[in-house]
Structures are given as structure tokens and as C-alpha cells.
Amino acid sequence: MAQVHRRCVLLVESFNREVINFLDTKVIQKSDGTLMIDLYVKDTDRYNLLSYQSCHPKAVKKAIPCSQFDRVRRIVSDPDVCSRRLDEMENTFLDRGYPRQVLRRCRNIVNRDRSLEPSVRIPLVHTFHPYMYKLHQKIRKHWYILKDSFPEISEFQAPFLPCFRRPNNLKNKIVRADVGSPSNTLRQTFLQTPRRGTFPCLQCAQCANSKQVVYAIKCPCGKIYVGEASQAIKDRISHHKSDIRCGKFHIPIPYHFREAGHSIAQLRFLVLEQISLNRRGGNLKKKLLHREAYWIHFLQSLEPKSLNRDYNLAGLF
């Protein structure tokens with residue numbers, strides 16, 4: 001190895017027929033020929049465990065000592081040696097700021113007889129939030145109601161098991177930039193030169209099957225109503241006509257048509273804009289509301305000049 005590079009040095013421990021180190025275990029052959037397993041720690045190990053002053057969830061900081069104590073208990077075969085290794089591990093956690101009370105509780109959990117524990121516990125799965133611990137305390141406080149009311153159900157005889165899902169972090173919220181492309185730009189038809197004649201379906205900008213559109217309804221007296229539709233525009237216009245026939249006068253269009261004496265045959269509509277999502281996705285409903293508010297402001301279609309009574313600001317936030 002040194003011939004390849006002068007800084008490459010391979011160190012090999014001296015071979016010992018009585019002791020073999022493998023990963024974190026040390027297998028020792030005793031004088032009577034039996035084998036004993038002990039915990040192996042490298043000389044360069046820093047014991048760089050998580051500090052108790054970190055901002056990690058409390059459940060994580062409580063679970064780390066339990067997992068380390070359990071690791072020692074599973075590896076070390078001799079009870080006396082296991083007790084000494086647990087004491088050494090406890091001192092290591094004390095140096096990292098862990099309270100002695102937390103460590104003692106973890107050692108009691110590891111040392112108890114697990115054969116007496118029930119095999120089934122009801123999991124309570126939810127997204128992690130610091131205030132959920134208060135909810136857990138309330139559930140534990142009143143868990144005895146289920147335990148006493150349904151003694152035949154074994155799952156209720158043991159406390160529930162809190163389980164957390166990871167919440168959204170900064171990685172989930174940061175996305176690549178969307179510089180846009182001609183295929184994803186908004187299709188505006190109201191301000192363009194109208195195409196003369198009739199065209200096959202999906203070629204006309206105002207096809208009756210168009211979805212995700214902002215439209216305008218114009219009555220004979222010149223007033224305008226602006227709306228948005230995620231369904232096909234022909235179905236949305238059919239709903240407006242049905243509202244007029246059924247006399248739903250609490251809605252702006254039927255109310256105006258009755259007051260002005262208009263007929264359903266005089267209803268005219270125009271697709272102002274068809275909305276499409278960006279390549280990285282997004283909230284299509286919020287985008288529709290945003291463009292609807294824009295056209296209401298641009299065409300000044302609010303009462304008393306026109307028919308819109310208000311517009312939804314949810315698309316702006």
C-alpha cells in the first residue's frame with residue numbers, strides 16, 4: 001500500500017486467538033473454552049452522541065438512550081460486565097447533558113421483562129407538532145375509560161403508541177425555478193383578434209368543452225358578470241340558465257334577468273381566459289380565483305355598474 005502512495009498506510013491489529021473484534025462486538029474465548037461477547041469500542045471513538053440541548057423532538061432525545069442501553073444489553077452476554085457497560089454508557093450520556101432521571105427511566109425500560117408486555121398496541125399516527133404532547137397527556141389521563149369499559153379487548157389494556165410523521169421541511173418547500181414556456185403561458189382570448197368562421201372542436205379558443213376558464217356573461221342592457229369554471233364552460237352556462245328558470249333570485253344573474261325583464265335566449269357568454277398549471281404544479285383553484293379577481297377589476301364588473309357583487313380574495317394569498 002505504501003508503494004502506491006506514501007500517505008496510504010494500512011494498519012492491521014495483531015492477531016489474537018482469544019479475542020476477535022467485529023463491528024461493535026468483541027468475542028472472547030474464556031479459559032474454560034466458552035465464549036463471552038462484550039461491547040467493542042475503537043480507540044478513536046469520540047462518543048459523539050446527540051446533545052440534550054439540541055432542538056430535536058423530545059421523543060428523539062428520550063429514544064436515543066433507550067436504543068443505546070438496549071444495544072449494550074443485547075450484545076454483552078455476561079450480566080456483571082453488562083452492568084458495568086451500562087454504567088459507562090450512562091456516564092457518557094451524562095457528559096452530553098442528559099438528565100439522570102431520564103437515563104434511569106430508560107434503563108428501567110430496557111431491563112424490564114418484555115415477555116409480559118402485550119404484543120399489540122394501538123398506534124396513534126399523526127404529523128409531528130410540539131403541542132401534540134399535551135394531547136397525548138389528555139389521552140393517557142382518560143385511557144382508563146376504554147380499559148375499564150372494554151376489558152375483553154386486549155388492545156385497550158395497554159396504553160396507545162404515539163407515532164409521528166415527519167412534517168414538511170425546507171426541502172419540501174424549495175423547488176426549482178419555473179422560467180415558463182410558450183406551452184404553459186396563459187391563453188387570453190378576450191383581447192386578441194377574434195377568428196372568423198367556425199372551426200373543428202379543440203381548435204376554437206371558445207370551445208364549449210373548454211375547462212378551467214374565466215368567462216363573462218353579458219346581458220342585453222350591457223352589464224357584465226365575470227365568473228370562473230373548473231368544469232366545461234357549456235355545463236357552467238347551463239347551470240346559469242337553470243338558475244334563471246328555477247327562480248333562484250338570491251343569485252345575481254337570475255335576479256337581474258327578472259328585474260330587467262330579460263329572457264334566457266338573450267344570455268350571451270364569452271371565454272376570457274383559459275388557465276393551465278405551471279410545470280411544477282400548483283393550486284389550480286387558487287389560480288382561477290386570482291384570474292377571476294383580475295378580470296372583475298379590469299372590466300369593472302362589480303355592482304352597481306355590473307352584476308358581480310364581490311370577488312374572492314383567497315386566490316391572492
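## The open sheet

In this predicted model, three strands make an open sheet in the order β1-β2-β3, with antiparallel pairing; strands here are DSSP runs (E, at least two residues) and helices are DSSP runs of H or I with at least four residues, both numbered from the N terminus, and two strands pair if DSSP finds at least two bridges between them. β1 (19-22) and β3 are the edge strands, each with a single partner strand, so one side of each has no neighbour in the sheet. From one strand to the next, the twist averages 20°, where axes are lines fitted to C-alpha atoms, for helices over the stretch in contact, and angles run from 0 to 180 degrees between N-to-C directions.

Strands of a sheet pair through backbone hydrogen bonds, in either a parallel or an antiparallel way. β1 pairs with β2 (residues 25-29) in the antiparallel sense over 4 bridges, and I20 stands opposite V27 in β2. Helix α1 packs on the sheet, where it touches β2 and β3, and its direction makes about 165° with that of β3.

## How the model is read

Residues are numbered from 1 along each chain as its sequence is written, and side-chain values use heavy atoms, with hydrogens and water left out. Because the model is predicted, local features need pLDDT of at least 70 and side-chain atom pairs count only at pLDDT 80 or more, while totals for chains, interfaces and linings use all residues.

## Nonpolar cores

The largest nonpolar core has 19 residues, and those with the most contacts inside it are F69, V72, V76 and F93; such a core is a set of buried Ala, Val, Leu, Ile, Met, Phe, Trp, Tyr and Cys residues joined through side-chain atoms within 4.5 Å, and buried means under 20% relative accessible area, exposed over 50%, and partly exposed in between, with a 1.4 Å probe and protein chains only. At least two residues of this core come from each of β3 (35-39), α1 (58-75), α2 (79-95) and α3 (100-111), and α2 gives the most, with 5 residues.

Leaving aside neighbours within four places in sequence, V76 is in contact (heavy atoms within 4.5 Å) with I37, D38, L39, V81, C82 and R85. Another core, of 14 residues, lies apart from the largest one, and among its residues are C219, I253, V271 and L307.

## Helix α9 and the segment after it

The structure holds 12 aromatic pairs, where rings of Phe, Tyr and Trp (its six-membered ring) pair if their centres lie within 6.5 Å, and planes under 30 degrees apart count as stacked, over 60 as edge-to-face and the rest as tilted. The rings of Y294 and W295 have centres 5.4 Å apart and planes at 75°, so this pair is edge-to-face, whereas those of Y294 and F298 have centres 5.9 Å apart and planes at 20°, so that pair is stacked. Y294 and F298 both lie in helix α9, 4 residues apart, about one turn of the helix. Y294 is partly exposed at 33% relative accessible area and F298 is partly exposed at 41%, but W295 is buried at 0%.

S301 has its place in the segment after α9 (284-299), and S301 is buried, with a relative accessible area of 0%. Apart from neighbours within four places in sequence, S301 is in contact with I224, V226, I296, S306, L307 and N308.

## The chain as a whole

The chain has 9 helices and 9 strands, and buried residues make up 27% of its 317 residues.
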